[in-house]
Structure formats: structure tokens, C-alpha cells
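Thanks for coming, everyone. I'll go through one chain, contact by contact. Let me put it on the screen.

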Amino acid sequence: MNRANTGLLLVGIATFVMMGAGQSLYGPALPAFGRALSLSAAQAGWLVSAHWIGCAVGVAAMYRWGAHVSPRISLGIMLCGAALIAAALGTVATFGGALIFGAGYGLSTVVFNPRILRAYGARGTAMVSLVNASFGLGAIVAPLIFVWLGSNPALAYALVAGLAALIWLGAGPAGRAAPPPQAGSAGPFRPMLAFQLFAVAGIGIEAALIGLGPSALIRSDLSETAAAQLLSAFFVAFLGARTVLIFTAHLTAPFLLYVGAMLAAAVSATLAVFVSPGVFFVAMGISAGLFFPGFYVAATRRMGDDPRTAPTIIAAGLVGGIAAPVLLAPVLDQLGSSGFFGILAAVSATCAVLSLRLCRRLPEMRH
């Protein structure tokens, strides 16, 4: 069992590295996609939403057919999506590739997180943090490689497809294994609207920062190269936060991580408006790194150990991932150099206040 768990963990880490690379490329690549496909900034922003719509499709599929989906299936779908983007066959094919890659991304999120959380028992929170932290490794390197490749999205996504193929080939038994049986239930399935809304906000902010943050930085008079480099630095902060969490997750309640992350995001976004968009965009990577582990583990404990729990939590987050780029991309030009961060400051401050109130109303959230 330890060998099986280790295999699952290693495949999960490699998969999340590849997922981080694929998702982080959208931000710096949007201007290049816009030029290549003759799209406006608002139209190119829909590429990010296509990814998150695909994620929603993948998560919905897991809700219905999760028992039949193995890691290799989710990897194969991401491989097809990245290859289609890399083929550069036109607007429809590129958006289709983002949709397919997103579907595999959604499948992988639900395939790996609950399996690893359950497999490692008391160490589950730390191991989930480790796997999700590995996302940051790919996300740090990919924008820098994108610049090195001459800002060519086709070549960048060809590398992502190649990495997906290598992981698929090397997955072995861990890639084909069925999900482990339920060890028991923590109670009936108990969906909670508050957690769903906090998931919407957390993933929405994360998606906006990753997908639209570089475009906002360019509107603040930074070059495309500088914006890509700052996105890599953002993911260094993101990875740092999740790495620290591997060793400190047991010291605080998961939902308090979410509360603290929202407070920090509100402060950083405000300072991005009034002090330095580049520096405090990077600082927001710390908050983004804590959103998912905070609300996912807390919601899992609250909603019960039911096969529908993970897809329900992640689906709520995907609502934010889909909606945030759709709502913000069309108005980026009108927001000016600091409006993007002003909106994120208002949303994160509101979430911080509401999550603090939930902690006061439900004392168990502080444990």
C-alpha cells in the first residue's frame, strides 16, 4: 500500500507540474494569441474562460463517472488539448484545445486530490498541499520558457503536450489504478452554500490573476517580457506559500488559512493600486497559493466523506474561474492602469469580512 501511495503521489506531482505550466501560459500568451488569431483583448480573454469551462465539464463528468476515470485518462485528455493548441489551426481549434485541456485539468483535480487526501490519512492535508504546490513549479518555469521561445504559444504548448505524453507513459500502475474504496463516511452528504461561494471567490481571484494579471500589468506600462517575468515571480510566491503549508498545515485550522489569505489579498491588491502593481501582483501569489488548500480541506470536513463532495467543491470554484475572466476581460481597457487591482481589492476585502463572520458564527471552523 505504501508503494501504491508513493506511486500515486509521484504521478500526481508530475501531473500538477504540467497543469501549472499549461495554465500559466494563458496569461503571457493572450497578446500573442490575439495577434495570431486577429482577436481583441476581450475576445482573447475568452480563451481563459474556455479553459475553465472545460474544467467544469471535467468536474461534472467526475460527479457522474468518477469511479471509472483513472489518472491516465485525465492525462490523455490534457495531452490532446495541448497538442490541439500547439497545432495552431485557427481560432476554433485553439479555443477547442483550451476547452479539452481544461476538461482534463478538471478531471485530474478531482482524480488526485481526494485520493491522496484519503490515502495518507492524518498526513492527507500536507500531501494535498505538496501535490498542489508542485503546480507552482510548472507555472514558474513556463512563462520564462515562453519568452525564451520568442513568445510563441504554439511551441510552448507543444512542450506541454510532450510533458503530458511523458507522464502518461511513465505513470505505470498508478496511472491505471481504480480509486481506493471508501474507508467509511464522516456522515451524510452536506452541501453548504457558504463554502461554495467562498470557493467561487477564491478560484475566481486566482483565475483573474493568472489569466488577466499580465494584461493588467502591460496596461500599467510594463512590457510583455516584464509581465511574463512577474508572472513567474508570482508563482514563486505561490509555490513558497504552498511549500510552507506542507510543514505547517497542522498548526492552524484550514478555514483560517482561507480567511488569512483573503485578508492578505485585500492588502496586496490595495497596495498594487497605490504603490506598485508589479511588486504587489507578485505578493498576491502568496494568497493565491493558500485559497484552494484552505477551503477544500475545510469544506471536505464539513460536507462529509462522500464521492460527490470533491466534485461539488471544485465545481463551485470553477464557477469563479469561468466567470472572472468573462466579466473582467471586456472592461480591462476601461479600467485603466489600476482598476483591475481595485476590483480584486474590493472582492477580497468583502470575502475576508464574510469569512470572519462565518468563523464567529461556527466556532468549529476555528479548529
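**A kinked helix and its surroundings**

Let's start at Leu 290, which sits in helix α12. Helices here are DSSP runs of H or I with at least four residues, strands are runs of E with at least two, and both are numbered from the N terminus. Before I go on, the ground rules. This is a predicted model, so local features need pLDDT of at least 70, side-chain atom pairs count only at pLDDT 80 or more, and totals for chains, interfaces and linings use all residues. Residues are numbered from 1 along each chain as its sequence is written, and side-chain values use heavy atoms, with hydrogens and water left out.

Back to Leu 290. Is it buried or exposed? Leu 290 counts as buried, because its relative accessibility is 15%. The cut-offs are these: buried is under 20% relative accessible area, exposed is over 50%, and partly exposed is in between, with a 1.4 Å probe and protein chains only. Arg 242 is 48 residues away, yet the two C-alphas are 6.6 Å apart in space.

Now the helix itself. α12 covers residues 277–303, which is 27 residues. From first C-alpha to last, α12 reaches 38 Å, close to the 39 Å expected at 1.5 Å a residue. That expected span is 1.5 Å times one less than the number of residues. Where is the kink in α12? The kink lies at Leu 290, is about 25°, and comes shortly before the proline Pro 293. The bend at a residue is the angle between two fitted axes, one for the seven residues ending there and one for the seven starting there. Most of α12 is covered, with 21 of its 27 residues buried.

**Charges**

Next, salt bridges. The rule is a side-chain nitrogen of Lys or Arg within 4 Å of a carboxyl oxygen of Asp or Glu. How many does that give? The count is 1 salt bridge. Arg 35 and Glu 224 make a salt bridge through their side chains, at 3.0 Å, N to O. This pair joins distant parts of the chain: Arg 35 is in helix α2 (residues 26–37), Glu 224 is in helix α10, and 189 residues separate them. Side chains of opposite charge can pair when their charged atoms come close. Arg 35 is exposed, because its relative accessible area is 53%. Glu 224 is partly exposed, since its relative accessibility is 31%.

Thr 225 is partly exposed, at 36% relative accessible area. Pro 143 is 82 residues from Thr 225 in sequence and 9.1 Å away in space, C-alpha to C-alpha.

One more charge. The charged end of Arg 72 sits over the ring of Trp 168, 4.2 Å from its centre. For that label, NZ of Lys or CZ of Arg must be within 6 Å of the ring centre and within 35 degrees of the ring normal.

**Rings**

Aromatic pairs use rings of Phe, Tyr and Trp (its six-membered ring) with centres within 6.5 Å; planes under 30 degrees apart are stacked, over 60 edge-to-face, and the rest tilted. The count is 16 aromatic pairs. Take Tyr 26 and Tyr 157: their ring centres are 5.9 Å apart and their planes are at 45°, so the pair is tilted. Tyr 26 is in helix α2 and Tyr 157 is in helix α7 (residues 153–170), 131 residues apart. Tyr 26 is buried at 1% relative accessible area, and Tyr 157 is buried at 0%.

Then Phe 234 and Phe 235: centres 5.2 Å apart, planes at 85°, so the pair is edge-to-face. Both are buried. They belong to one aromatic cluster, whose members include Trp 52, Tyr 105, Phe 135 and Phe 281.

**Cysteines and loops**

A disulfide is a pair of cysteine sulfur atoms within 2.5 Å. The count is 0. Cys 55 is buried at 0% relative accessible area, and Cys 351 is buried at 9%.

Last, backbone angles. Most residues other than glycine have a negative phi. Ser 38 is not a glycine, yet its phi is positive, about 55°. Ser 38 is in the loop between α2 and α3 (41–65). Asp 221 also has a positive phi, about 75°, and is not a glycine. Asp 221 lies in the loop between α9 (193–218) and α10. Ser 38 is exposed at 65% relative accessible area, and Asp 221 is exposed at 75%.
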